[in-house]
Amino acid sequence: MFSRCVLRAAVETPYRQGTFSIQASASKLRAASLRPTAAVSEGRRFISVYGYTQAKALVYSNYGEPKDVLSLHKHSISPPHGTQVTLRLLAAPLNPADINQIQGVYPSKPPFTSTLGTAEPSAVGGNEGAFEVVSTGSGVKNLTKGDWVIMKHTGQGTWRTHAQLDESQLIKIEDKEGLTPLQVGTVSVNPVTAYRMMKDFCDWDWMRTGEEWMIQNGANSGVGRAAIQLGKEWGIKTLNVVRERKTPEETEALKKDLYELGATAVVTEADLLSGSFRDIVKEHTRNGKEPIRLALNCVGGKSATALAKALAPGSHMVTYGAMSKQPVALPSGLLIFKNLVFDGFWVSKWGDKNPGQKEETIKDVLRMTRAGRFKDIPVDEFKWKWDTEESQIREAVQGTLGGFRSGKGVLVFEGDE
Ligand SMILES: NC(=O)c1ccc[n+]([C@@H]2O[C@H](COP(=O)([O-])OP(=O)(O)OC[C@H]3O[C@@H](n4cnc5c(N)ncnc54)[C@H](OP(=O)(O)O)[C@@H]3O)[C@@H](O)[C@H]2O)c1
């Protein structure tokens with residue numbers, strides 16, 4: 001019988017070997033737990049002569065602040081069999097939702113399991129990332145060593161040096177030439193969110209291409225930057241709101257950055273909340289002749305109310321984030337007299353319901369990326385080496401939710417197979 005104690009023995013012995021593949025037979029595991037491994041050189045990962053892959057994963061067993069609850073767990077992955085695929089991390093972003101998930105305040109919570117042999121049931125952090133195929137089971141049909149993949153669903157845990165998943169859980173990146181791990185590792189959440197909100201919540205009048213507007217707050221976020229570029233690609237003008245930086249020069253530099261991406265107009269949150277915002281809008285929209293037909297809200301509070309007030313009658317405001325942690329308050333007149341529609345969007349749920357469309361959306365964004373029409377987000381790379389200390393990675397993760405960042409935190413694994 002395949003028992004838990006066999007698994008535990010395999011994990012705890014000093015000669016431990018793979019336990020991740022729980023389908024492995026008990027006898028195989030028992031034998032594996034007794035075999036010696038290849039030598040471990042100082043600070044380096046090793047691959048056993050029996051094909052077991054040594055891996056590390058950033059896991060949590062309780063909810064709380066990442067610095068308090070994350071730990072680096074070392075384990076082994078058995079050689080893939082059947083339709084299993086063993087993967088090596090290339091790059092995985094640290095998105096705000098990942099942190100909220102660890103804090104326990106995000107609606108989707110990956111189940112805590114003992115699959116990786118942690119002392120307590122745990123989940124692996126992270127929801128998106130680019131991985132390279134290291135080896136495949138004999139039943140794998142469409143993937144080979146060296147291919148790049150992303151995970152089909154969120155909640156699978158991407159903050160790990162290696163992983164083993166079934167082929168059916170992976171999306172292959174066709175034609176990876178011309179793409180970087182960062183581009184592939186950050187395509188499935190933010191660009192897809194921007195793309196779907198802009199396509200699915202407004203019936204754009206394509207006869208008026210270049211005459212209709214979208215307004216958004218958090219415009220320098222990953223989603224905001226994607227929306228600016230999609231607007232440019234599709235002929236939708238964008239009115240973008242950012243928060244002021246410490247100095248006027250820094251604010252101007254941020255605005256310039258967004259103009260270079262294709263923003264039509266960039267204003268500050270102070271402009272948005274000021275009494276003169278109506279005039280600012282009129283100035284940009286030929287005195288209101290060019291309607292603002294969609295608002296994307298990732299902030300909430302007063303910022304959201306002000307976005308809504310700028311909308312043309314019958315338009316939609318889509319809320320997809322709550323960075324200010326303030327509720328969205330709506331003057332009744334906007335509902336009664338302007339017939340505005342307020343929606344929410346959650347890419348995880350949407351992707352699970354529309355897997356085919358999600359893949360098509362990813363392909364389209366990567367097509368634009370290859371063509372140089374979809375630029376990289378600014379990032380703050382954290383190089384994850386085999387001997388990187390747990391505390392360093394925890395700190396990098398903890399810093400993600402702080403505002404006014406110069407770039408999104410991204411884990412880049414710099415280890416061998
Ligand atoms: N619903 C969905 O499906 C979905 C999908 C993707 C993302 N999201 C959400 O969208 C939001 C942005 O995600 P991202 O990955 O694009 O973010 P990101 O690249 O990490 O950027 C964070 C953004 O939030 C802004 N921000 C941070 N604290 C703020 C505050 N207190 N008030 C106002 N703005 C604040 C930042 O502005 P500063 O630079 O001025 O600090 C920045 O623009 C998050 O809430 C995330 O959870 C939702």
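**Close-up views of a predicted model**

**View 1. The open sheet.** Three strands form an open sheet in the order β2-β1-β4, with antiparallel pairing. β2 (70-77) and β4 (123-124) are the edge strands with a single partner each, so one side of each has no neighbour in the sheet. Strands are DSSP runs of E with at least two residues, helices are runs of H or I with at least four, and both are numbered from the N terminus. Two strands pair if DSSP finds at least two bridges between them. This is a predicted model: local features need pLDDT of at least 70, side-chain atom pairs count only at pLDDT 80 or more, and totals for chains, interfaces and linings use all residues. Residues are numbered from 1 along each chain as its sequence is written.

View 2. Strand β1 (residues 53-60) runs antiparallel to β4, joined by 2 bridges. Tyrosine 60 sits opposite alanine 123 of β4. Helix α15 (residues 390-398) packs on the sheet and touches β1 and β2. Its direction makes about 120° with that of β2. Contact means C-beta atoms, placed from the backbone, within 7 Å. Axes are lines fitted to C-alpha atoms, for helices over the stretch in contact; angles run from 0 to 180 degrees between N-to-C directions.

**View 3. The ligand shell.** The ligand is surrounded by 26 residues (C-beta atom, placed from the backbone, within 6 Å). The closest are Ser221, Gly222, Gly321, Val347 and Gly403. α4 (96-103), α6 (190-200) and α7 (222-234) each give two or more residues. The largest share, 3 residues, comes from α7.

Notes
Two residues are in contact if their C-beta atoms, placed from the backbone, lie within 7 Å.
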